Amino acid sequence: MKLELNDLTPEQFLAEYWQKKPLVIRQGFKNFQDLLSADEMAGLASDELVESRRVFQKDEQWQAEFGPFECYEHLGEKDWTLIVQALNNWLPAAEDLIQCFDFIPRWRLDDVMVSFATPGGSVGPHIDLYDVFICQGSGSRRWRVGDLGGHTEFAAHPALLHCEPFEPILDIELNTGDILYLPPGYPHDGISLEPSMSFSVGYRTASASDMLSGIADYLIDNELGKEQIADPDRSISTKSGCVTPADFSRIKQQLLDTLDDKLISQFSGCRLTTSKCELDLPESELGFQVSDLVETIQSKDLIRLGGLRCLYFENSYQQGILFINGETESLSADLADVIPILCNDPVLTADSLAEWMENSAFLEQMVVWINKGYWYFDED
Ligand code: SIN
Ligand code: CO
């Protein structure tokens, strides 16, 4: 699978469109094949571990239901949509699609969502807080996109936040292989023209209030940030009701000292590697030994579990620190150079790990991760 931005380089895309304005990329994928069939999608949507939704209108009222779903007959052949979230957690092929967009780093990625819609199917006009590349698979959809700003939002159903109808700045038909890029905030509405599938590669960020409330929880959970405001150097006060600039500085400094690089990277490393949706992990630890790893890697690659999030900070990985699935992992500093390989390469091979295959600390750590299901040996 190869992404073509046509007359744009990824650098130009980032400079001119990313987080700025919508873009239609005609035939961004030549010969695009759906990553799964509608039947396979229904199979996923029948699994209670998989997050799925159906959206349709009944008596002109918007309806949204949450899976698992067993049957679709009563919905008829038009005007409904089925969505499966975090497809990349369940379908290895979705990883190939994400890799096409790896000019944006993984810490920004949310997930790949698949939507199957019958003719007339739509989730209604709405605004997302996400950047998204909507990749049209089989069939076609008409997309209308409005401009930023001033759109009233309301709950068309308790689980559907819609916006008022908008004047389109784009009104286009997406066909198989076409891509619509939308930055956050642009109202949009896609209506299926025939049975169709689309694959949305979504990117998330966080608001400052989400980050700060997350940091507050992190401090409490880890018993950090207990330092009190201290003022042993206090001079006399002549205005008992006043907070002087010097005192304001103390108050502010306590917060700024707490929010240091170490706390921010530890907290955000854990947060950014936490998967929003269930991962396809084994129910109990697998029984691999170091000798199995050494032998098997010679003939099979090690694949990182779809949806497993792992990252490092350029400023701290030399100390052996990386983050996997919501946790800090501290390796010994002499393993630091394997960290970028683990986090940047979704597939590990005998070649990419060659330098580490005689390092028992590395092998033991890798086996722990394999036994948790974080990496698995390629089946074919
Ligand atoms: C859809 O693909 O049906 C809806 C996606 C979106 O508008 O966010
Ligand atoms: Co949307």
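His 188 is buried, at 3% relative accessibility; buried means under 20% relative accessible area, exposed over 50%, and partly exposed in between, with a 1.4 Å probe and protein chains only. This is a predicted model, in which local features need pLDDT of at least 70 and side-chain atom pairs count only at pLDDT 80 or more, while totals for chains, interfaces and linings use all residues. Residues are numbered from 1 along each chain as its sequence is written, chains are lettered from A and ligands numbered from 1 in the order in which they are written, and side-chain values use heavy atoms, with hydrogens and water left out.

**Cobalt site**

- His 188 (NE2) coordinates the cobalt ion (ligand 2) together with His 126 (NE2) and Asp 128 (OD), at 2.0 to 2.1 Å.
- Donors are N, O and S atoms within 2.8 Å of the metal (3.2 Å for Na, K and Ca); water is not among the atoms, so sites may look incomplete.
- Along the chain, the donors of the cobalt ion (ligand 2) have the spacing H-x1-D-x59-H.
- Asp 128 is in the loop between strand 5 (109–117) and strand 6 (131–136), while His 188 is in strand 12 (residues 188–192), so the pair ties together parts that are 60 residues apart in sequence.
- Helices (H or I, at least four residues) and strands (E, at least two) are DSSP runs, numbered from the N terminus.
- Asp 128 is partly exposed, its relative accessible area being 23%.

**Ligand 1**

- Around ligand 1 are Thr 81, Met 113, Ser 115, Val 123, His 126, Asp 128, Arg 141, Trp 143, His 188 and Ser 198, each with a heavy atom within 4 Å of the molecule.
- Ser 115 has a polar side-chain atom 3.1 Å from an oxygen atom of ligand 1.
- For His 126, a polar side-chain atom is likewise 3.1 Å from an oxygen atom of ligand 1.
- The side chain of Asp 128 has an N or O atom 3.3 Å from an oxygen atom of ligand 1.
- On its own, ligand 1 has 250 Å² of accessible area, and the protein covers 91% of that; the areas come from the Shrake-Rupley method with a 1.4 Å probe.
- Strand 5 and strand 7 (141–146) are the elements that give two or more residues to the shell around ligand 1.

**Ser 122 and its contacts**

- Ser 122 is in the loop between strand 5 and strand 6 and is buried, with 8% relative accessible area.
- Its side chain makes a polar contact of 2.9 Å with the side chain of Asp 189.
- A polar contact is a pair of N or O atoms within 3.5 Å; within protein, one must be able to donate a hydrogen and the other to accept it, and residues adjacent in sequence count only if both atoms are side-chain atoms.
- The side chain of Ser 122 also reaches the backbone oxygen of Gly 190, at 3.4 Å.

- Ile 251 is in helix 5 (residues 245–258) and is partly exposed, at 37% relative accessibility.
- Between Ile 251 and Gly 121, 130 residues apart along the chain, the C-alpha separation is 54 Å.
- Thr 244 is in the loop between helix 4 (208–221) and helix 5, and is partly exposed with a relative accessible area of 28%.
- Thr 244 and Arg 26 are 61 Å apart in space, C-alpha to C-alpha, and 218 residues apart in sequence.

**Whole protein**

- The protein has 9 helices and 19 strands.
- Of its 380 residues, 45% are buried.
- Its C-alpha atoms fill a box of roughly 75 × 70 × 45 Å, taken along the principal axes.
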